Amino acid sequence: MAFSYFSEQNVDIAIIEVGLGGRLDSTNIITPELSVITNISLDHTNILGNTLREIAGEKAGIIKPGIPVVIGESHPETDQVFIQKAKETQSLILFADKQLQISKSVKEDEYLKVSISQNGNVLIENLLLDLTGTYQLKNILTVIQAVETLRALDFKIDNDALYAALKEVKGLTGLMGRWQILSKNPLIVCDTGHNIAGITEVMQNINDTPHNKLHVVIGMVKDKDISGVLNLLPAKATYYFCQPQLERALPAQELASEAENHGLKGFVFPTVELAINAAKKNANADDLIYIGGSTFVVAEIP
């Protein structure tokens, strides 16, 4: 239906996100101009496999004969999987983090300012990103490498458009929930990270954010690595366990019980809204309230 709609609307360029995995995903019926694989993490293991290599094998299914592919993050367990697949399909393969480097990054007002180098030479200077999570330093290398690869295919993408678009990603796309600041005094932030890789990045951002006490509003769905995620969270925080309103949700009491095994203690609430209200009531102006654990939790923030 989506592809039919794009055709009817005479869309010039469509960015198609794979639903799950890649090899067997319904989006795999298209032949793209470029394939992009961001990173590999243990997620949807019941479907995609229990190791990074197995999951990479599924993701590599979007690599098409003769079509270039950009890999966002290289990893010793998965690189060879992608290289072998690209060799079989005779596709140009580029690892963004091997091609490009962040030469400068600094938080400036509401933006993340970055400069990007290639082989020691500045390629992009003082790019302002309105997505300020530290993990955007990995994502931006993937974006710029994708742009450079498309330019090599004769796509006309000028730097003015690049600077303007990346400064206004949230406004142009409606993207929400990526280290998104909801309010201040106390600082309230939400993030949709929901697996080990995502929560690792969230914790880095929390640690980089000045605050007194940490309040964590968290809910998860049943098919995630619950124990792996909880293992990354700090014991020195107050937790507000909740559950989003969908069948896949892990009951808040079960989450709290599992969290207690990891030394995490707090309160249990039947809804996301009640948990957030309690956190606001308990937090002082110099505290930090983090809301997350699932995209579905972030979606229910009132």
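What we have is a predicted model, in which local features need pLDDT of at least 70 and side-chain atom pairs count only at pLDDT 80 or more, while totals for chains, interfaces and linings use all residues. Residues are numbered from 1 along each chain as its sequence is written, and side-chain values use heavy atoms, with hydrogens and water left out.

Let me begin with two loops. Asn119, in the loop between strand E5 (111–118) and strand E6 (121–129), has a positive phi of about 55 degrees although it is not a glycine. In the loop between E7 and E8 sits Pro186, and the peptide bond that joins Asn185 to Pro186 is cis, with omega near 0 degrees.

Now to a pair of helices. The axes of helix H6 (residues 136–152) and helix H7 (residues 159–167) come within 13 Å and cross at roughly 150 degrees, where axes are lines fitted to C-alpha atoms, for helices over the stretch in contact, and angles run from 0 to 180 degrees between N-to-C directions. H6 and H7 are therefore roughly antiparallel to each other, a term for angles over 145 degrees. On the H6 side, the contact (heavy atoms within 4.5 Å) is made by Ile140, Val143, Ile144, Val147 and Arg151, and H7 contributes Asn159, Leu162 and Leu166. These contact residues divide into 6 nonpolar, 1 polar and 1 charged, with Ala, Val, Leu, Ile, Met, Phe, Trp, Tyr, Cys and Pro counted as nonpolar, Asp, Glu, Lys and Arg as charged, and the others, Gly among them, as polar.

Key. Helix = DSSP H or I, 4+ residues; strand = E, 2+ residues; numbered from the N terminus. Parallel < 35°, antiparallel > 145°, perpendicular 65-115°, else oblique.
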